[in-house]
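The sequence and structure come next.

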Amino acid sequence: MPVTERLGAVDDRTAGEARELWDRAHAADEVAAVSEAFALAVGRHREGVVHVLRRDDAGQLVGYAQVASVGTPDAVAELVVDPAARRQGHGRALLDAVVEEGARSVWAHGDLPPARAFATAAGLERTRSLHLMTRPLGADDARDPALPAGYSVRAFEPGRDDEDWVRLNAAAFASHPEQGRLTVADLRERMDQPWFDPAGFLLVERDGRVVAFHWTKVEKGEARHGNGTGEVYVVGVDPDEQGRGLGGPLTALGLAHLARRGLTEVHLYVDGDNTAARRTYERLGFADLAVDAQYSVPHA
Ligand SMILES: CC(C)(COP(=O)(O)OP(=O)(O)OC[C@H]1O[C@@H](n2cnc3c(N)ncnc32)[C@H](O)[C@@H]1OP(=O)(O)O)[C@@H](O)C(=O)NCCC(=O)NCCS
């Protein structure tokens, strides 16, 4: 009998097995089943995170799920079944386990037909979408745009800007379930990643106060061969400063940084219902490449 195991932490060996499973699913589905925040949480105990492992009769890991924000109304899961073990009920077993842990919704990266069919069969409803938008970068992008009068730009300084940035991010993303909750510890965890580069984390100031930011991300190795991809990682504007035309130039500032690093493409993720942001990105030439969907347990 296959078994389903719930854990508050996973050891290195199990984490390795889980990563190999995601890699096989990534190759088969041509999209990563697990997002960055979930991948980072695989390992030692972390508040609000539960791992669910599904093993077959031989003890082989055939499925992995994770619930984040356990114990809150935003509890959300990601789940993936090994491509060689699909249509055997493992997905459904993982889904039942994450719902039992309190998850109200599940992400489907790429919103692929099997995920859609699976979610429909389980009686889930599509409640949110996340768009992956992309655009090429060229020499014309390399020059910094002019900011509206009174605003200036500088790079993030680790240690000096941490608390201010967390406050600004929370204000800018007050209605965003994941981004708005980032803590100083979450920020520092990202600062410890090999890709972190304060020169690509741009802060916009007015009257000596940081009021907006554009954090870009370039994975190691991307910039080396002259045809890599960079990311608009997070863009945020203080609610008091929104609606003053900062969004476009703020985005373009990050694109200029990425173009100067020799990257030839840029992508970003944006919520399907964030019309203001989607408009800003479309105006700057971004177009949809893929869509992630969130499926939720209907309210009783
Ligand atoms: C979606 C996913 C988790 C399904 O896992 P699975 O173990 O194959 O799913 P199950 O065997 O439990 O399927 C349960 C039911 O879902 C439906 N279903 C699942 N995959 C399907 C497919 N490819 N086509 C049509 N229906 C499908 C069926 O009704 C199935 O019951 P049945 O096999 O008795 O007909 C798996 O394809 C996967 O890992 N995809 C990549 C990650 C992902 O998208 N996760 C998000 C899920 S919302």
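Contact here means heavy atoms within 4.5 Å. The model is predicted.

## Domains and their interface

Nine residues of domain 1 are in contact with nine residues of domain 2.

Between domain 1 and domain 2 an area of about 700 Å² is buried, and carbon and sulfur atoms give 35% of this area. On the side of domain 1, the residues that lose the most area to domain 2 are E36, L40 and D74, which together make up 55% of what that side buries.

## Polar pairs across the interface

Seven residue pairs are in polar contact across the interface of domain 1 and domain 2, both residues of each pair being at pLDDT 80 or more. The rule also finds three salt bridges across this interface. Helix 2 (residues 36-40) supplies three residues, the largest share of the side of domain 1 that touches domain 2.

The side chains of D74 and R181 form a salt bridge, with an N to O distance of 3.0 Å.

## Helix 8

Helix 8 spans residues 275-283, and its buried residues are A277, R278, T280 and Y281. Viewed down the helix axis, these buried residues fall within an arc of 160°, so they line one face of helix 8. A276 and R283 are exposed on the other side.

The packing partners of the buried residues are strand 6 (125-136), strand 10 (229-237), helix 7 (247-260), strand 11 (265-271) and strand 12 (287-296). After helix 8 comes G285, with a positive phi near 95°.

Notes
Residues are numbered from 1 along each chain as its sequence is written. This is a predicted model: local features need pLDDT of at least 70, side-chain atom pairs count only at pLDDT 80 or more; totals for chains, interfaces and linings use all residues. Side-chain values use heavy atoms; hydrogens and water are left out. Buried means under 20% relative accessible area, exposed over 50%, partly exposed in between (1.4 Å probe, protein chains only). Helices (H or I, at least four residues) and strands (E, at least two) are DSSP runs, numbered from the N terminus. The arc is that of the directions from the helix axis to the C-beta atoms. Buried area is the accessible area (1.4 Å probe) that two parts lose on being put together, summed over both. A salt bridge is a side-chain nitrogen of Lys or Arg within 4 Å of a carboxyl oxygen of Asp or Glu. A polar contact is a pair of N or O atoms within 3.5 Å; within protein, one must be able to donate a hydrogen and the other to accept it, and residues adjacent in sequence count only if both atoms are side-chain atoms.
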